[in-house]
Amino acid sequence: MYVAVKGGERAILNSHELIAETRRGDTSVPEVSTWQISEQLGLAVDRVMAEGSLYDRDLAALAIKQAQGDLVEAIFLLRAYRTTLPRLAVSLPVDTAEMLVRRRVSAAYKDIPGGQVLGPTYDYTHRLLDFALAAEEGVGDPEAPVGETPLEEGMPHVADILDYEGLIEPEVPAEDADEPFDLTREPMSFPADRDQRLQNLARGDEGFVLALGYSTQRGFGGTHPFAGEIRMGEVSIEIVPEELGFAIDIGDVVVSECHMINQFEGSAERPPQFTRGYGLSFGHNERKVMAMALVDRALRAREFGEEARYPAEDEEFVLYHADNVEAAGFVSHLKLPHYVDFQAELGLIRKLRREFEERQQKDAAE
Amino acid sequence: MNNSPEPQAARARWMGILARATRAELESAWKAIVEPPAYEFLRRPETGLAMVRGRAGGTGNPFNLGEVTVTRCAVRLADGTAGTSYAAGRDQRKAELAAIFDALMQTGERLRIEGSVIAPIARRQQTDRDLKSRKAAATKVDFFTMVRGDNPK
């Protein structure tokens, strides 16, 4: 229990002034613009949009500036802002096969239709600090090489190749599927279906999802995964406004997608075949979607009649703890005054201590 | 507005081009009109959210991925033609201009607006897409086999 305490108004106002000054830093250094954050700290912006569950680069950049680069705080700011806006539409499901691909790799097939496209990746960099980036004169205007022709439009998913041979579980929409679960409108409910789990993971904390995915690789729930395909690029967003009655594009968003291909030995009802783990996220968030795909597969244990023994397979554990806004809120609430609670605990400890000492004295006397 | 599929496809095309246009492009196209038409708002520019959906496994049941900011607007020209716009983002002036051009595209001005506004913006958008794709294509791996001695130059 915490109680309302009065008397801190001036201290709070002054702390706001102090945070403003601290955020600005040394005023002899030029102030960073939200435009610079959005252009030059793009991956931070991507993470904030993904976990803030709101695609708007300018707002995410503003949140990052306001939070002084604290991404979890920035995600909180973005989530708070979204509650001020009305829901105008729901999109048709994005078609990632029609993505304007900027990166697409497979660790399962070398020669995939459309090819292995590395795109803007740090994978093959040496991870040595590049002091050229710190040079006074800056980096200038780097220009990437331009291929002679664009990539083929509409790259098929690698999983479709296996699907064609019937070696992977089919993934087709159920005809009688309900409206997808929406965590922004309904409280968490269990047992959770895959739509609820995927939404939760898509906006879940990258660190938490990464650690859970890692745990499944280290033996806390083995899924024998192959990175069937990882892709990143732009997909168009289509909505059907009521007043029009037909679908229109409202623009594009960058998404990252990962298909994990996992072993499944089969059961009485199902033949041995590969099973799928899926990750999808706003922005360029490859680590996140790979981890998400591992955890998605782990959480499907019930569906395949596997015993859920490990944390990553326990949907209540995963879903209740993946959200960093909720997690940070509950941990942070310990900072609120608990003066009365603590006085009560203090009184109790003193009483127990007195009784303990009296018992000891009595024992010594005997 | 005729509701047969073909005009709808045509209108969806130009609405998509307008949604992806920059405000500067629409503003300069508007300024280039010698006698700008009078219009009134059916719905003032309004910013809200669209929930973006994905599919489990890319092709399965839909799920809610997250929201995107979207701004919409509806206008009516003096002759009664209504125009609508929806565009990702929060640019209300852009939404207003896009709605006006959507209306104009349904009038006798259609061919002129298509040639002077829609087509140039569509070309710029296609050039941008091609450039992005060609830069990605430059990072495509060319595998070759070391032992056979037939490596490409």
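Which residues touch the most other members of the largest nonpolar core? In this predicted model, they are Val295(A) and Ala50(B), within a core of 103 residues. The largest share of this core comes from helix H9 of chain A, residues 286-299, with nine residues. Domain 1 of chain A (9-82) and domain 2 of chain A (96-119 + 151-327) both contribute residues, so the core lies between them. As general background, nonpolar side chains in soluble globular proteins tend to be buried together.

How many residues does the contact take from chain B and from chain A? Chain B provides 51 residues and chain A provides 66 residues. On the side of chain B that touches chain A, at least two residues each come from helix H1 (5-20), strand E1 (39-55), strand E2 (62-77), strand E3 (82-88) and helix H4 (110-137). The element of chain B that gives the most to this side is E2(B), with 10 residues. Sorted by class, the side of chain B that touches chain A holds 22 nonpolar, 17 polar and 12 charged residues.

E2(B) also takes part in strand pairing with chain A. Strand E1 of chain A, residues 54-55, runs parallel to E2(B), and two bridges join them. In this pairing, Leu54(A) is opposite Glu67(B).

Ser53(A) sits in the loop between helix H3 (42-52) and E1 of chain A. Its phi is positive, about 60 degrees, although Ser53(A) is not a glycine. For context, most residues other than glycine have a negative phi. Ser53(A) counts as buried because it has 25 C-beta neighbours inside 10 Å, where the cut-off is 20 or more.

A second residue of this kind is Gln68(A), in the loop between helix H4 (57-66) and helix H5 (71-82) of chain A. Gln68(A) likewise is not a glycine and has a positive phi of about 60 degrees. Is Gln68(A) buried or partly exposed? Gln68(A) has 13 C-beta neighbours inside 10 Å and therefore counts as partly exposed.

I turn now to the strands of chain A. Strand E5 of chain A, residues 248-262, is mostly covered, with 14 of its 15 residues buried. Strand E4 of chain A, residues 225-239, runs antiparallel to E5(A), and 14 bridges join the two. One of these pairs Phe226(A) with Ile261(A) of E5(A). E5(A) also pairs in the antiparallel sense with strand E6 of chain A, residues 275-282, over eight bridges. Here Asn262(A) is opposite Thr275(A) of E6(A).

Helix H7 of chain A, residues 194-202, is likewise mostly covered, as eight of its nine residues are buried. Among them are Asp195(A), Arg197(A), Leu198(A) and Leu201(A). Against which elements do the buried residues of H7(A) pack? In chain A these are helix H8 (206-217), E6, H9 and helix H10 (315-321), and in chain B the partner is E2. In the loop between helix H6 (158-164) and H7 of chain A we find Pro191(A). A cis peptide bond joins Phe190(A) to Pro191(A), with omega about -5 degrees. Most peptide bonds, by comparison, are trans.

Along the principal axes, the C-alpha atoms of chain A fill a box of roughly 90 × 65 × 55 Å. Of the 366 residues in chain A, 37% are buried. Considering contacts in chain A between residues at least 6 apart in sequence, 65% join residues at least 24 apart. Besides domain 1 and domain 2, the domain assignment of chain A gives domain 3 (336-365). The C-alpha centres of domain 2 and domain 3 of chain A are 53 Å apart.

Note on methods: Residues are numbered from 1 along each chain as its sequence is written. Chains are lettered from A and ligands numbered from 1 in the order in which they are written. This is a predicted model: local features need pLDDT of at least 70, side-chain atom pairs count only at pLDDT 80 or more; totals for chains, interfaces and linings use all residues. A nonpolar core is a set of buried Ala, Val, Leu, Ile, Met, Phe, Trp, Tyr and Cys residues joined through C-beta atoms within 7 Å. A residue is buried if 20 or more other C-beta atoms lie within 10 Å of its own, exposed if 12 or fewer, and partly exposed in between; C-beta atoms are placed from the backbone. Helices (H or I, at least four residues) and strands (E, at least two) are DSSP runs, numbered from the N terminus. Domain bounds come from an automatic or database domain assignment. Two strands pair if DSSP finds at least two bridges between them. Two residues are in contact if their C-beta atoms, placed from the backbone, lie within 7 Å. Ala, Val, Leu, Ile, Met, Phe, Trp, Tyr, Cys and Pro count as nonpolar, Asp, Glu, Lys and Arg as charged, and the others, Gly among them, as polar.
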